[in-house]
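Please read the following report alongside the sequence and the coordinates.

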Amino acid sequence: MSRLARLRPRFRRPRLAGALIGALVLGGLAAAIGPLLGVPNPITLAALAIIEPSSVGTWFASRVVAAAPSPRALPVRPRAIPPKVSWKGRSVPLAEMLEATHTNALLVTQDGVLIHEWYRPGSGPATLFPSWSVAKSVVSLLVGQTIAEGKLTETDHVATLLPYLRDEPAFGRITVRDLLDMTSGLAVPENYDPWDPLTGTAGMYLTRDIRAFVRDHATLSSKPGSTGQYRSIDTEILGLILAEVEKKPLADLLSEKIWKPMGAQANATWNLDRPGGTEKAFCCINAVARDFIRLGLVVADHGRVGGTGIVPPRWIERIETPARRDVDGWPYSAQWWHVPEGDDDISAIGVYGQYVYVNRDTGTVIVKLSDHGAEQDEADTLAVMLALSRALAASRPVH
């Protein structure tokens, strides 16, 4: 099996909640034990079991990520993109691939210009789409800014930065760098088993007290820094650190340090563990597709928007340079995935088929937002994005 095919374990479930809380919903267990376990109310749990992953954002408490009063214009010049792509060994119409992967939105920019914008009926430019783990890559940009400001270093230890965790020895061994590169060694698996819905990431997604969840999961499965293993808890701890160091909620930080400066066109939201609580840093930013494109363009332009620097260029270099340890067999760095056997392309990737793909070699940024199966077809999808970006570069209009 290729490294691309071994990105992460694949649990091919069609719904988030079916994977995360199906066992609780069955038989009315949610009503009986939900309050005792600190998970959402039974009505929310039941709804999550049947709605599409793209609709879950409104079912949880959230904090607004305010946009600037006047958005920055996104240049739009539609042009044709390749009508056929290679998909699972066949040449098929692009529309067939989008249908097969339950795509809700596909946006493509070339050299900073939006050349293609498509939405599934029922979605559109004003729809707030969930980021899922694309949020991890956004947290990375915030960390890079905080490091550049001298408020944080990659060698700082978690227990030093988060006083409430000082009594947990494991957190005295884990550094910010370990969290960024997914080498913390924390024994919190990426669990999506419908019959074990309160374990690992599933439990962290549903908990109404993320800080307590982190404190209660201070067990190591490997020595920090020694092994790359995809762990959502690593990003959650980065989010807790940012909020502690900056003395502001993550949603406010995102608004002030990225959303407004990049000229976002719409307010976003960031889901919380409970009303007024803590952001789910490892997932759950809800934004319009064009603002996900704007995020990709910031990275593609070395952290700049026009002539204004937002993210330090050194941090862009950091995320573009593979870390020493692969993560589950794939090159990774500071919460961004690297595509093996491609260009120097990187991508933010979220469960159920969310992508912010950046290929500076071809001047291409692609956003794909989907309701696909959990962690499914990432390698094939990224191969399509690479092929599209190369074809678009080869057919650039001559001015």
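## Aromatic pairs

Seven aromatic pairs are counted, where rings of Phe, Tyr and Trp (its six-membered ring) pair if their centres lie within 6.5 Å, and planes under 30 degrees apart count as stacked, over 60 as edge-to-face and the rest as tilted. In the pair of Phe-60 and Tyr-205 the ring centres are 5.2 Å apart and the planes stand at 70°, so this pair is edge-to-face. Phe-60 lies in the loop between α4 (42–48) and β1 (62–65), whereas Tyr-205 belongs to helix α9 (residues 200–206), 145 residues apart. Phe-60 is buried at 11% relative accessibility, and Tyr-205 is buried at 3%; buried means under 20% relative accessible area, exposed over 50%, and partly exposed in between (1.4 Å probe, protein chains only). Phe-60 and Tyr-205 form one aromatic cluster with Trp-132 and Tyr-352.

The model is predicted, with local features needing pLDDT of at least 70 and side-chain atom pairs counting only at pLDDT 80 or more, while totals for chains, interfaces and linings use all residues. Residues are numbered from 1 along each chain as its sequence is written, and side-chain values use heavy atoms, with hydrogens and water left out.

## The seven-stranded sheet

An open sheet of seven strands has the order β5-β4-β15-β14-β13-β12-β11, with antiparallel pairing; strands pair if DSSP finds at least two bridges between them, and helices (H or I, at least four residues) and strands (E, at least two) are DSSP runs, numbered from the N terminus. At the edges stand β5 (113–119) and β11 (332–333), each with a single partner strand, so one side of each has no neighbour in the sheet. Strands β13 (residues 346–350) and β14 (residues 354–359) are joined by five bridges, and Ile-346 has Val-358 in β14 as its bridge partner.

## The disulfide

One disulfide is counted, taking a pair of cysteine sulfur atoms within 2.5 Å as the rule. This disulfide joins Cys-283 to Cys-284, with an S to S distance of 2.0 Å. The torsion about the S-S bond is about -70°, so the disulfide is left-handed. Cys-283 is buried, with a relative accessible area of 2%, and Cys-284 is buried at 3% relative accessibility.
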